[in-house]
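Student: I should like to understand how the terms used for a structure follow from its values. May we go through it term by term?
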Amino acid sequence: MNWTDWITFLQWFFLLYFIGVNSGYILLNLLSLRALRTYMEARSLDDMPAYSGYEPPVSIIIPAYNEEATIVATVRTLLDLDYPEFEVVVVNDGSQDNTFAILQREFSLVFFPEAYWQRIKGKGVRAIYRSATSPNLRVIEKENGGKADALNAGINASRYPLFCAVDADSILQRDGLRRAVQPFLENPITVASGGAVRIANDCGLKDGFITSIALPKSWLALMQIVESQRTFLFGAMGWSALNAVLIVSGAFGLFRKETVIEAGGYLTGTSGEDMELILRLHYMLRVKGRPYHITFVPDPIFWSMAPETSRALKAKRLGWQRRLAESLSLNMPLLFNRKGATVSWLAFPFVTIFEWLGPMFEVMGYIFMISGFALGLISWQVFAVFLLVAIGFGMLLSGIALLLEELSFHIYHKPTQLVKLLIAVLLENFGYRQRVSLWRFIGLMRWLFNRTHEPKETVEIPAVEA
Amino acid sequence: MSFAAYFDPLLKFMLWFGLAIVGITLLLLVQTVLLRMQLILRQRREQRLIKQWQPLFDQSMTAVPQILPRIAKSDRHAFIRIWNHAQESLRGESKHKLNQLGWACGMNHVAHQLLKQNNMRARLMAVTALGHLQEKNAWAKLERITNDPHPLLSLAAARALMQIDAREALTELLPLFTRRHDWPLNKIANMVNEAGPDAVTGPLTQAVELAAPEEFPRLLRLLEAAHSDQALPAVRRILQSASDDRVISACLQALRDPDDVELARTYMRHPSWFVRVQAVNALGRIGSKDDRDALIAPLSDSVWWVRYRAAQALAGLPQVTLDEVRQIRASITDRFAQDILTQVIAEKQAA
């Protein structure tokens, strides 16, 4: 092949790649449309009293490291959740600030001689405290070992069959836990459930709960709503229909405790412990041939503040790409595993090609097309078609996600909010999407060439049976 | 020369493909706006109906109004939803009074009409309304729907049958309760609870006695949901001959009578830890001071839960004081047993 053949090959490769990635997401959204229909039918009976009750008790675990600014508000909010029976276990992971002192003062913590059962090995637990004012609150004081280690300590200390891992800065919906528990009630083989983060910027907040839903004034945060609907929310719903959810957010995830302990708990030394655990659960349960389900709940369950500056967003996306790369690379035996079904043959390859390596192809595609056009190597016709397809598909995908939101939860009630979202769907593809791809590409390169967060310890993964 | 003439055939195809994508996107956005307008209209209609009917619902608690507004065809779905919601929030006699209003305004006809639709939400609402109305004429239809593969619809039909005639319904539904694992147990338990112990205890007890080991725990939990202790003789009989761990465990959970304490003691050294936990729990519930010594051995069990429940049972035995528990802690040498007793003593003090 001479160089003109190479250029022709590459221009078609990138064009077809953009069609492939967007078609994949569109298919996922169509799958989620079907799943959403069933889900919303079930939800239509939810507000009737006879269709609720008998929820199992849940242990809510909050790993806290230097969280003196937010921890009290978070704990107060959690203690006020609309759920029949639960306990809150705060794990103070050797904080350097006054996290523990503030907790002790605000919740009247007293030392409690608990027979700590270390089912998952980890850093030493120094002491366990109980609140004299809130009987369902306990605080574990331990040596610093990272978020995964703190979560493992929380699991060890938890009392109930389900545990919910929550970030110290998450804003939970008052009925969020009730919603997340539903899959466990409706399908006894459920081992985990999670939801997508909703963006809380400029929403009304009272006593730690969202009281009024608004769109962010910042366009950068607004773009993240569109992005989140497109990729995390309805994409995940599609994977859930195939029992191939690979990501349950670390900010809120509900798990069957015994299954997580059987898998060895959270993997310490990695920054993507949330996704890594899900992949390992899939692997363990598929290899053992045990029926199970990991479910995505599309309801608004928890909220978080989205970055409003490019710098903060860049840091978030760099981190996200690193976590993804770490989790996938640690669980490569799951890829094309003959027992892995949809997870191994569909979701894992999809995420590998379009999420893990995708930013590389996207950035290279744009660079190749723009530079090729500027240097006269690529005709304006090819360049125009590339832009039309890349941007047009992006808009279609975001448009479908917005339509799905409108068909289901339509959480943004005001007509002006809908108009703003419609504009964002169109504008998101002019600059924002490309910029995020670039940051994720940088994250991928940094992970590849500068692995500063190599896992220090590993959890034994069960061997594949012959 | 046209714009498209600048493109070779394959590229031309891609151009039209791209333009089609943009066109579809714009249509989708228009559809989104139309959906929003539809939603606004639907919400307004529902508000109007609530405003019109809520005073009539309130009035029907004393006497059904003589003149009732006609329900427009377009309002049927919204109306049945509002009525169902009102019904679900009521208890006892008030439910019957609202039913009288339902019959007076032809709710049964509305429900039968909606049941014919393909719209799943409309069918769910119709089935729920027929149950509240205790519409006997819908029995055959509802019975058919209990076999529908859609779990929510079939479950709603099962509940409706239970509301119409719980005893009669149970003869049809008991096999489904054990067979249909897509029916969440908590939802079945809710409807059993709703029907009350008088209606469900007999058929459920009979079913428990005849149940296969894999069906037994599910049925026993339903019996517990009905707050019935009439199953105890059956539970005792089954426990004496049971060999399946699940059955033994479920039976031990159901023991409530101090006369059964000997039966519970038999399982204190069972090889399965979850049977041992239930045996210890049972002793805690129905045991006496005489069981004090029997509960000391499990304080050193290899499983944390058995130790914990044994310590709780010990500290909760009648006439066993905290001081006595402290003495027991001082007298034993096993560190695990000491630790778990320390924890339970602290819990008791904090309570």
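Tutor: Let us begin with contact: two residues are in contact if their C-beta atoms, placed from the backbone, lie within 7 Å. This is a predicted model, in which local features need pLDDT of at least 70 and side-chain atom pairs count only at pLDDT 80 or more, while totals for chains, interfaces and linings use all residues. Residues are numbered from 1 along each chain as its sequence is written, and chains are lettered from A and ligands numbered from 1 in the order in which they are written.

Student: How many residues of chain A are in contact with chain B?

Tutor: By that cut-off, 39 residues of chain A are in contact with 40 residues of chain B. Helices (H or I, at least four residues) and strands (E, at least two) are DSSP runs, numbered from the N terminus. Helix 1 (3-43), helix 5 (176-186), helix 12 (380-407) and helix 13 (415-427) of chain A each supply at least two residues of the side that touches chain B. Helix 12 of chain A gives the most to that side, with 15 residues.

Student: What is the make-up, by class, of the side of chain A that touches chain B?

Tutor: Ala, Val, Leu, Ile, Met, Phe, Trp, Tyr, Cys and Pro count as nonpolar, Asp, Glu, Lys and Arg as charged, and the others, Gly among them, as polar. On that basis, the side of chain A that touches chain B has 28 nonpolar, six polar and five charged residues.

Student: Why is A:L177 called buried?

Tutor: A residue is buried if 20 or more other C-beta atoms lie within 10 Å of its own, exposed if 12 or fewer, and partly exposed in between. A:L177 has 25 C-beta neighbours inside 10 Å, and therefore counts as buried. This residue is found in helix 5 of chain A. Not counting residues up to four places away in sequence, A:L177 touches A:V58, A:L81, A:Y83, A:F86 and A:C164.

Student: What makes A:F336 exposed or buried, and what of A:S108?

Tutor: A:F336 counts as exposed because 11 C-beta neighbours lie inside 10 Å. A:S108 has 14 other C-beta atoms within 10 Å, so this residue is partly exposed. A:F336 is found in the loop between helix 9 and helix 10 of chain A, and A:S108 in the loop between helix 3 (99-106) and strand 3 of chain A. Each is a residue other than glycine with a positive phi, near 50° for A:F336 and near 45° for A:S108.

Student: What is meant by a nonpolar core, and which residues have the most contacts inside the largest one?

Tutor: A nonpolar core is a set of buried Ala, Val, Leu, Ile, Met, Phe, Trp, Tyr and Cys residues joined through C-beta atoms within 7 Å. The largest has 134 residues, and those with the most contacts inside it are A:I60, A:I61, A:C164, A:V245, A:L246 and A:I278. Helix 12 of chain A gives the most to this core, with 15 residues. A second, separate core of 94 residues includes B:F57, B:C105, B:L114 and B:A315.

Student: How do you know that the span of helix 9 of chain A agrees with its number of residues?

Tutor: The expected span of a helix is 1.5 Å times one less than its number of residues. Helix 9 (residues 310-330) of chain A has 21 residues and should therefore span 30 Å; its end C-alpha atoms are 30 Å apart, which agrees. For helix 16 (residues 304-316) of chain B, the 13 residues should span 18 Å, and the end C-alpha atoms are 18 Å apart, so the values agree. The buried residues of helix 16 of chain B include B:V306, B:Y308 and B:L314.

Student: Why are strand 3 and strand 7 of chain A said to stand at the edges?

Tutor: Two strands pair if DSSP finds at least two bridges between them. In chain A, ten strands form an open sheet in the order 3-4-5-2-1-6-11-8-12-7, with mixed pairing. Strand 3 (109-112) and strand 7 (171-172) of chain A each have a single partner strand, so one side of each is left without a neighbour in the sheet.

Student: What makes strand 6 and strand 11 of chain A a pair?

Tutor: Strand 6 (residues 162-166) and strand 11 (residues 252-256) of chain A are joined over five bridges in the antiparallel sense. Within this pairing, A:C164 has A:L254 of strand 11 as its bridge partner.
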